[in-house]
Structures are given as C-alpha cells and as structure tokens.
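Trainee: Could we go through this one together before I write up my notes?
Mentor: Gladly; have a look at it and then ask whatever comes to mind.

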Amino acid sequence: MPIKCRKCGGPHFTMKCGKTPTISKLNDNYTTYKVKIMNMPIDITYDNLQYMLKDWGDINKFYINKFDKYECSNVILHYSNKEQAEYFVNNVNNTDLNYKTLKVFLV
Ligand SMILES: [Zn+2]
C-alpha cells in the first residue's frame with residue numbers, strides 16, 4: 001500500500017507531514033487534553049518526536065514509555081486545546097510509521 005499523508009495527501013507518513021494544520025486558536029484554559037499514541041518505534045527519541053510534532057499544534061509536553069518486550073513505545077501528549085488534540089487523533093490514528101500502525105486516542 002503506498003504511503004499517503006492524511007493531512008496533505010503527499011507521499012509521506014502523516015506523522016512526518018510538515019504542513020501546518022489550519023486550526024483557529026481558542027483561548028487557552030487550564031484543562032489538559034491527553035493523547036496517547038501506541039505502537040511508536042522503540043528507538044524513538046525526544047528529539048525525533050519534537051521534530052515530528054512541531055506542526056501539530058501546541059503540545060505542552062510529552063512523555064515516552066518504552067516497552068522492550070513488544071519493541072514499541074507509547075507516547076503521551078499534553079494539549080491545552082481540545083480541538084488540536086482531536087485533530088491530532090483524527091489525522092494520525094491508524095496511520096503507519098515504520099511498518100507499525102499507530103493507535104491514537106484521547107485518554
Ligand atoms: Zn503531508
């Protein structure tokens with residue numbers, strides 16, 4: 001199956017898209033919307049993630065949990081903007097990264 005970006009339709013993984021999402025910024029509030037990404041590569045680093053996530057809205061912080069047994073990592077993102085969190089989930093869930101299908105959901 002050819003790689004097709006869900007954001008721009010280009011031939012790259014959606015996670016690696018450089019296009020900025022068109023989201024109108026809401027007023028920040030103090031609620032945190034947590035997004036969980038399962039099946040990330042085991043060798044993902046904070047630098048890799050920072051680069052991949054830079055065009056996906058205002059992410060306050062993120063954590064990587066590595067699971068050596070399953071050779072994958074889970075990542076938790078903290079958004080303060082619900083629309084941006086939902087946009088990320090809707091566009092990245094079920095996309096492939098390094099031959100694994102990412103499972104993305106709000107927690
Ligand atoms: Zn793209």
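Mentor: One definition to begin with: a residue is called buried if 20 or more other C-beta atoms lie within 10 Å of its own, exposed if 12 or fewer, and partly exposed in between, with the C-beta atoms placed from the backbone. This is a predicted model, in which local features need pLDDT of at least 70 and side-chain atom pairs count only at pLDDT 80 or more, while totals for chains, interfaces and linings use all residues. Residues are numbered from 1 along each chain as its sequence is written.

Trainee: Then is N94 buried or exposed?
Mentor: N94 is exposed, because 11 other C-beta atoms lie within 10 Å. N94 sits in the loop between α2 and β4, and its phi is near 70°, a positive value in a residue other than glycine. Helices (H or I, at least four residues) and strands (E, at least two) are DSSP runs, numbered from the N terminus.

Trainee: And what about Y99, which has a positive phi of about 70°?
Mentor: Y99 is not a glycine either, and it lies in the loop between β4 and β5 (100-101). Y99 is exposed, with 7 other C-beta atoms within 10 Å.

Trainee: What is the pLDDT average of the protein chain?
Mentor: The average is 87, and 88% of the residues score at least 70; pLDDT is the predictor's confidence in each residue, from 0 to 100.

Trainee: How many bridges join β2 and β3?
Mentor: Eight, in the antiparallel sense, and F62 has L77 in β3 as its bridge partner.

Trainee: Which residues of α2 are buried?
Mentor: In α2 (residues 82-92), the buried ones are Q84, A85, F88 and V92. Seen down the helix axis, they fall within an arc of 105°, so they line one face of α2; the arc is that of the directions from the axis to the C-beta atoms.

Trainee: Which members of the largest nonpolar core touch the most others?
Mentor: Of its 15 residues, they are V35, I37, V75, F88, V92, L102 and V104; such a core is a set of buried Ala, Val, Leu, Ile, Met, Phe, Trp, Tyr and Cys residues joined through C-beta atoms within 7 Å. At least two residues of this core come from each of β1, α1 (46-53), β3 and α2. Leaving aside residues up to four places away in sequence, V104 touches V35, I37, F88, V89, V92 and N93.

Conventions
Pairing = 2+ DSSP bridges. Contact = placed C-beta atoms within 7 Å.
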